[in-house]
Amino acid sequence: MTDATSNAPAVPKFIELNVRKHEHALHEGYKNWPEMGFEPPAMGDARWPADLILSVWTQAETGRPPTDGSEYRIGASGGGFDVLDFKWAAEGAALAPDAPVDLSLPLNRRSEGGRRIDIPVPWYGAGMSFGSISERIMVARATTAKKWGTFTSSGEGGYPMGLYPLRDHVITQIATGMFGVREETIQWAPMIEFKYAQGAKPGLGGHLLGDKATTAVAEMREAVPWVSLFSPFPFHSVYSVEDHKKHIDWVRQVNPEALISVKVSTPTDIDMVAVGSYFAGAHVLQIDGGYGGTGAAPEIAKKNIASPIELALPKVHKFLSSEGLRDEIVVMASGGVRTAYDVAKCIALGADGCVLGTTELVAIGCTRCSNCERGRGCPFGLTTTDPELSLLVDPDWASERISNLYSSFKWQLEDILRRLGLSSIRELRGRTDLLRYTKERPAA
Amino acid sequence: MNSPALTEALLRMEREGLPSLGDMPIRKEAGEGGCGVVGAAASVPISGDVFLQSLRQMANRGNGKGGGVAVSGLDPSFFGVTEEQIRGDYLLAIAYLDPTAREEVEREFIEPKFEVDHTFDVPAAEGEVSGVRPPDVRIYFVRLRDDVRKQIGSIEAPDAAGAAGEDELVWINSYALNAKFYASTGEKRAFVLSHAKDLLVLKLVGYGDDVIRHYQLEGLRANVWIGHHRYPTKGTVWHPGGAHPFIGMHEALVHNGDFANYASICSYLRQVGRQPQFLTDTEVAVLVFDLLNRIYGYPLEYVIEALAPTTERDFSLLPEDKRRVYDLIAKTHIHGSPDGPWFFLIAQSVPQDSSRRLIGITDTSMLRPQVFALQSGEAQIGVAASEKQAIDAMLDSLSAEDPRFWSRADRYWNARGGSHTDGGAFMFSVMPQATNGKGARLVCTDKFGKEIAVDPSKRPLPVAASTAAKGEEARRMAASEENILERLAGGWDYGDVRAYLDSLEAGPPAQAIETLSHLIDARYSTGSMKRSALLSLYDSSLTAVVDGIRRTPTAGFVWTGHGEELPEVAGPETVVAIDARNAPPEGPESLSRMIVDLVQQRGARRLLLANTRGQRFIGCGLSADGKGVTIDVFGSSGDYLGSGLDGVEMIVHGSGQDQLAQIMKAGKLVVHGDVGQTFGYAAKGGDIYILGSAAGRPLINAVGRPHVVINGTALDYLAESFMAGDPLDNGGFAVVNGVSFSENGDLSELAEPYPGGNLFSLASGGALYVRDPRGRLSEDQLNVGEFAPLSPPDWDLIKPYLEENERLFGISVDFLLTVDGSAREPADVYRKIRPSAHHALTPEEAWVHREDQVGK
């Protein structure tokens with residue numbers, strides 16, 4: 001895929017210009033943008049203020065957080081992660097700046113054994129389908145996952161050829177439409193992710209608008225081009241927990257080695273769902289909060305149905321602990337995890353690790369303009385499968401940027417742990433006592 | 001229907017008699033949804049041992065955190081009471097979690113209220129079940145004391161109201177007992193398991209079959225049994241009080257599913273002062289049932305309507321008078337109607353006429369699996385369960401215990417939830433026979449009272465081994481190629497068939513298997529014999545043939561079974577005969593993994609599975625290695641059969657269960673019977689032929705190029721979100737023929753080719769071809785799809801599939817094109833349903849089509 005530019009159609013001039021400017025901005029930050037006579041289509045929102053987007057770009061460029069005083073830890077939403085800060089360890093209790101700290105995370109903690117998979121950093125990439133994003137972006141994300149020994153998820157839109165060489169680092173997602181799911185894609189995946197719901201739109205299925213269902217996308221999904229494609233809600237074969245167990249048993253029959261992840265949103269009885277998933281055989285429970293990204297969720301659903309991840313995590317953590325199951329299942333948080341600080345806060349609130357989606361797209365140029373659902377809505381060639389627009393992103397370049405962001409996250413998490421006096425990320429889990437509520441911007 | 005005065009009097013008794021539970025939370029104590037349920041009602045008593053086999057078969061539907069049974073039509077000798085006592089006394093069964101509570105309970109809730117005719121301590125095995133000590137259970141056979149009866153006082157119509165008043169006092173007493181010793185103290189020391197006449201509930205933490213073993217009920221004989229495996233998802237501390245069944249008055253209810261509107265139902269019940277004490281969906285369900293049934297005195301039909309309302313198109317198809325009543329019921333009771341996926345089984349004794357019932361009700365949307373079955377011979381049995389294989393397991397063990405039964409039911413069917421056709425509910429009533437007073441008679445009716453019967457002209461399998469009148473002829477025919485169908489249609493009796501099969505078994509296995517397959521699959525006249533009885537004989541014969549291959553090495557075959565070493569397979573033509581008995585339904589030792597190992601490690605290409613009993617995932621995991629593999633499946637196969645098939649040819653010699661052919665990619669699936677829920681979900685391709693019908697939600701989200709022929713019909717939501725391209729350009733389609741075979745092998749048209757709604761709903765690709773010569777399908781069954789005439793290319797497309805269908809099932813294309821005796825043109829018989837352009841589906845921007853120009 002990486003050489004796809006060679007025989008590709010020419011990019012129209014105006015798009016090329018647009019991209020050149022955007023790329024320039026990505027490198028330099030939007031500070032220089034005004035002189036360029038071009039307005040960005042958007043520059044964030046309260047959860048993702050312009051500062052934060054620019055900081056992510058800096059990290060994607062340099063592999064370190066910005067040093068110019070730009071905010072890279074929190075947004076400006078006035079709630080949730082943005083009003084949480086750490087209670088740093090007292091002088092002397094913090095670890096030395098070069099003290100070794102361990103960020104690795106085992107993804108199978110079930111005492112009955114089975115395959116062990118450890119990832120060296122406490123995160124992996126979120127499911128984004130071929131259709132929602134281009135194959136180039138998928139390849140870029142998977143390449144980064146391979147480089148870092150972690151994973152990315154296929155999303156629900158089939159398994160493009162470009163992923164084949166990277167498949168040891170691709171989680172196969174089985175969502176309600178089961179688009180593109182074949183026994184092979186189940187068999188070669190290290191982990192299978194059952195997507196029951198998405199935090200951005202619980203109770204609604206997947207929805208790919210007609211103008212994103214290009215011939216290539218439709219072919220991958222074996223559906224009709226240019227027609228909106230729905231994944232139903234819920235799985236019509238799963239209306240209860242014993243169905244859910246049967247569903248998991250099915251996948252384990254096809255691939256007995258695979259780890260099982262269950263992705264759910266954050267309903268009020270998320271604690272019950274967590275325990276139910278454990279008993280059905282899940283290794284990982286991914287809980288996706290109400291701020292999860294999605295291009296194609298109705299406005300009324302976004303942020304308005306599922307609880308925020310900040311509320312759901314402690315509930316799940318406490319309940320699993322009281323049931324004596326906390327060390328048997330890995331809880332991954334997603335849905336609005338933007339920064340390394342968000343990752344650390346999720347873990348302090350009770351998660352084992354996080355799943356990153358939007359942040360990775362921001363690293364490669366997303367400005368949160370919210371046109372993701374349109375076929376040619378994304379000005380930067382990210383959330384598009386348009387054969388023209390998707391050429392705007394070079395997978396190697398994109399992979400490099402995501403990788404740099406990972407470096408920065410790693411650096412920051414190590415720093416956070418040392419400043420908290422902890423030598424392992426696993427020691428941070430559930431340490432709500434290390435968090436404090438503050439309306440003030442944290443000290444640099 | 002009770003008189004308003006009686007209803008008011010009973011409600012007043014409750015208002016005055018029920019203790020307050022204070023501020024109990026309106027929140028379920030456990031998240032649950034899953035479960036396995038099974039119930040049986042028979043004209044003769046059946047033993048706990050038989051029932052146990054069926055429950056055991058569905059252990060994978062529970063998690064060992066709750067199980068229970070309810071039994072009615074009890075054998076008095078088991079308890080050491082008289083016939084009069086078991087029918088006339090209240091059986092007050094109390095679970096003592098804390099044995100020291102007994103004295104207090106008896107002092108406060110038994111001695112002052114009841115005359116105790118007899119007490120029975122239910123025997124129990126030593127030790128714990130699932131890590132919890134089950135409660136001690138004592139059954140008190142009681143009548144209300146005369147001074148207590150006086151409280152009923154001033155109710156009008158003394159006879160009926162007297163009984164109603166007595167029931168109410170017993171009900172209030174149990175409620176108060178539970179409040180004091182279970183619900184409000186938080187100590188959970190004792191609770192009432194049941195208090196009906198002639199009905200007993202037992203439950204514990206464990207599986208349903210653990211109840212029978214722990215309380216040593218293997219030898220208990222009764223007409224009606226229901227059982228349940230629970231799959232709750234909360235808590236490491238589990239409690240028998242949360243297990244099913246839950247009780248109303250003279251009934252007990254088990255339930256598979258859960259409600260989204262638990263809180264709403266609680267509020268509805270609070271209006272009459274009722275509060276749940278065990279905080280589960282099932283309890284509120286039975287509280288509603290009891291309120292409607294006993295306090296309001298609604299006929300069962302109205303109770304069912306209140307629980308599972310008739311909606312949408314089905315409502316509009318009801319007769320005017322029913323619409324009027326149902327409308328009032330909905331307006332009054334909709335808040336007490338459980339919303340969500342559920343399937344109820346209810347065991348009920350009816351003291352007024354000494355009958356007992358098994359009732360099965362599905363929710364309007366049919367979101368839980370359910371199968372009903374009926375076998376009628378010298379004795380009759382009706383069974384309802386979450387899975388067909390559990391029904392077969394019960395009949396199997398029943399036929400071993402009681403020669404009046406055999407191992408296959410005469411009929412199996414699914415209820416259509418909230419429908420105008422059957423109402424989504426069936427009851428099996430065991431009626432005492434007025435004529436001799438001893439035996440009983442089983443009657444099966446649907447919600448509307450329409451009887452479900454079997455062909456009365458057919459004789460059942462004789463209890464005594466009948467002699468073969470034409471044994472010599474049968475033996476000769478077994479060795480020859482002669483067609484025996486003529487003899488089966490007339491001339492032969494069961495004894496002759498047995499003689500024929502005996503000789504067949506003694507001959508070459510290949511010929512025996514071929515003949516048996518044909519006899520099992522084909523539909524033909526069976527003369528005065530029952531098809532189900534003949535099938536049970538063929539089943540035994542096939543088992544014997546496969547066992548013969550085990551005992552005697554046979555050229556062309558290799559035998560294996562559960563726990564055996566993987567055998568060597570000589571070549572691709574060698575048939576691997578697998579005896580599936582005892583193979584686990586899932587997991588590393590499962591039948592499904594055995595098949596994968598045989599194909600991948602031993603190069604097996606032809607497999608024959610005999611005696612399947614609920615094993616799931618058959619054919620899964622072969623992926624592209626399955627190309628060229630043939631799998632013949634006999635017995636009662638389980639869920640997810642053929643999911644993901646990619647080139648395998650699989651023949652199911654009987655009916656399938658749920659989730660068949662999910663994401664099937666390529667190959668061929670032939671089912672000589674019906675298929676269950678969500679068949680072909682997200683299928684991508686392959687050729688599928690179904691002799692019978694599909695239950696709810698077939699072919700949802702199918703894409704690519706599946707080619708499907710369903711000869712019967714489907715319940716609802718057929719081919720919703722179908723996205724299978726253009727059928728005339730390498731896309732997919734499904735043909736629905738709307739025909740069925742009678743028990744005697746006669747083919748006829750169904751009243752409607754498709755009775756449900758949401759046909760081809762929101763489909764964006766592919767097509768349905770429905771045989772509808774009388775134009776019964778109407779626009780209001782569609783949602784975004786549209787009717788289109790059948791064009792010559794359409795007919796050219798489906799004709800080869802109908803020809804293959806003819807070859808497989810004997811349903812001729814000529815028959816399908818014949819209407820009222822005369823041949824018609826295909827376009828006059830088949831209607832095409834295709835996607836229509838709809839703004840919800842079509843692209844909103846013209847420029848998207850630019851892709852076609854890019855790169856040119």
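Ground rules. Residues count from 1 along each chain as its sequence is written, chains are lettered from A and ligands numbered from 1 in the order in which they are written, and side-chain values use heavy atoms, with hydrogens and water left out. As the model is predicted, local features need pLDDT of at least 70 and side-chain atom pairs count only at pLDDT 80 or more, while totals for chains, interfaces and linings use all residues.

Confidence. The model scores ipTM 0.91 and pTM 0.93. Chain B has a mean pLDDT of 92; pLDDT is the predictor's confidence in each residue, from 0 to 100. In chain B, 94% of residues reach 70 or more. One stretch to flag: residues 844-856 of chain B stay under 50. The model gives that stretch 20 contacts beyond four places in sequence, a contact being heavy atoms within 4.5 Å. Where pLDDT is low, the predicted coordinates should not be read in detail.

Now the sheets. Helices (H or I, at least four residues) and strands (E, at least two) are DSSP runs, numbered from the N terminus. Two strands pair if DSSP finds at least two bridges between them.

Take the twelve-stranded sheet of chain B. This open sheet runs β18-β19-β20-β21-β22-β23-β24-β25-β26-β29-β33-β30, with mixed pairing. Its edge strands are β18 (557-561) and β30 (785-788), each pairing on one side only. From one strand to the next, the twist averages 15°. Angles here run from 0 to 180 degrees between N-to-C directions, with axes fitted to C-alpha atoms, for helices over the stretch in contact.

Look inside that sheet. Strands β25 (707-710) and β26 (733-736) of chain B run parallel, joined by four bridges. B:Ile710 has B:Val736 as its bridge partner in β26(B).

Helices pack here too. In chain B, α19 (531-551) touches β18, β19 (575-579), β20 and β21, and its direction makes about 100° with that of β18(B). Helix α14 (388-401) of chain B lies across β20 (606-613) and β21 (630-636), at about 70° to β20(B). Within α14 of chain B, B:Asp392 and B:Lys388 sit four residues apart, about one turn of the helix. They form a salt bridge, with closest N and O atoms 2.8 Å apart. A salt bridge means a side-chain nitrogen of Lys or Arg within 4 Å of a carboxyl oxygen of Asp or Glu. Over all chains, the count is 88.

Next, the six-stranded open sheet of chain B: β9-β10-β11-β12-β16-β17, antiparallel. β9 (246-247) and β17 (440-446) have a single partner strand each, so one side of each is left without a neighbour in the sheet. Seven bridges pair β16 (425-432) with β17(B). Helix α11 (300-307) of chain B lies across β11 (342-350), β12 (355-362) and β16, at about 25° to β12(B).

Last, the interface. How many residues does each chain bring to the contact? Chain B brings 69 and chain A brings 58. The buried area is about 5,300 Å², with 56% from carbon and sulfur atoms; that is the accessible area (1.4 Å probe) that two parts lose on being put together, summed over both. Six salt bridges link chain B and chain A. B:Arg705 forms a salt bridge with A:Glu222, closest N and O atoms 3.7 Å apart.
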